[in-house]
Amino acid sequence: MRRKRRVEITIETSRLVVRRSSQRLTWCAQCATHVQSVTLQDAAALIGVETSSLCTQIEAGEYHFLEEARSGPICLNSLFVSIDKQNHD
Ligand SMILES: [Zn+2]
């Protein structure tokens, strides 16, 4: 009697999309350098969380909030550091 064998393969993928435009750099005091910034919505999409969850993480100091940035209030450097940490954990 022949037995059926079932093999299940799970593939996990991730994708990082970096949008660059001719935006101006903004001073980030926490990075101590000029940085690019992104909107809350773009930042949430980059790290794969809801905007409300991102706000909680910003309040916890996980990401740098830039009040004077024209292109968005989130320091892109702080996002990249977080993504890099997640990839190495
Ligand atoms: Zn920063």
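**Close-up views of a predicted model**

**View 1. The buried residues of α1 pack against β3 (37-38), α2 (51-59), β4 and α3.** The model is predicted: local features need pLDDT of at least 70, side-chain atom pairs count only at pLDDT 80 or more, and totals for chains, interfaces and linings use all residues. Residues are numbered from 1 along each chain as its sequence is written. Helix α1 spans residues 40-47, and its buried residues are Ala43, Ala44 and Leu46. Down the axis of α1 these buried residues fall within an arc of 160°, so they line one face of the helix. The arc is that of the directions from the helix axis to the C-beta atoms. A residue is buried if 20 or more other C-beta atoms lie within 10 Å of its own, exposed if 12 or fewer, and partly exposed in between, with C-beta atoms placed from the backbone.

View 2. Along the sequence the pattern is β-β-β-α-α-β-α. Helices (H or I, at least four residues) and strands (E, at least two) are DSSP runs, numbered from the N terminus. Of the 89 residues in the protein, 20% are buried. Among contacts between residues at least 6 apart in sequence, 56% join residues at least 24 apart. Two residues are in contact if their C-beta atoms, placed from the backbone, lie within 7 Å. The mean pLDDT is 85, and 89% of residues reach 70 or more. Here pLDDT is the predictor's confidence in each residue, from 0 to 100. Among the elements, α3 has the lowest mean pLDDT (85), and strand β4 (residues 74-75) the highest (93).

**View 3. The largest nonpolar core holds 14 residues.** Such a core is a set of buried Ala, Val, Leu, Ile, Met, Phe, Trp, Tyr and Cys residues joined through C-beta atoms within 7 Å. Ala43, Ile74, Cys75, Leu76 and Leu79 touch the most other members. Elements giving two or more residues to this core are α1, β4 and α3. The largest share, 3 residues, comes from α1. Leaving aside neighbours within four places in sequence, Leu79 is in contact with Ala43, Leu46, Ile47, Tyr63 and Ile74.

**View 4. Helix α3 has a buried side and a face turned away from it.** The buried residues of α3 are Leu76, Ser78 and Leu79. Down the helix axis they fall within an arc of 160°, so they line one face. They pack against β2 (33-35), β3, α1 and β4. The face turned away from the buried side carries the exposed residues Asp84, Lys85 and His88. At 1.5 Å a residue, the 13 residues of α3 should span 18 Å; its end C-alpha atoms are 19 Å apart, which agrees. The expected span is 1.5 Å times one less than the number of residues.

**View 5. Glu62 and Ala69 lie in the loop between α2 and β4.** Glu62 is partly exposed, with 15 other C-beta atoms within 10 Å. Beyond its neighbours within four places in sequence, Glu62 is in contact with Gln57 and Ser82. Its C-alpha atom is separated by 7.6 Å from that of Ser78, 16 residues apart along the chain. Ala69 is buried, with 23 other C-beta atoms within 10 Å. Not counting residues up to four places away in sequence, Ala69 touches Thr26 and Ser37. The C-alpha atoms of Ala69 and Arg24, 45 residues apart along the chain, are separated by 8.4 Å.
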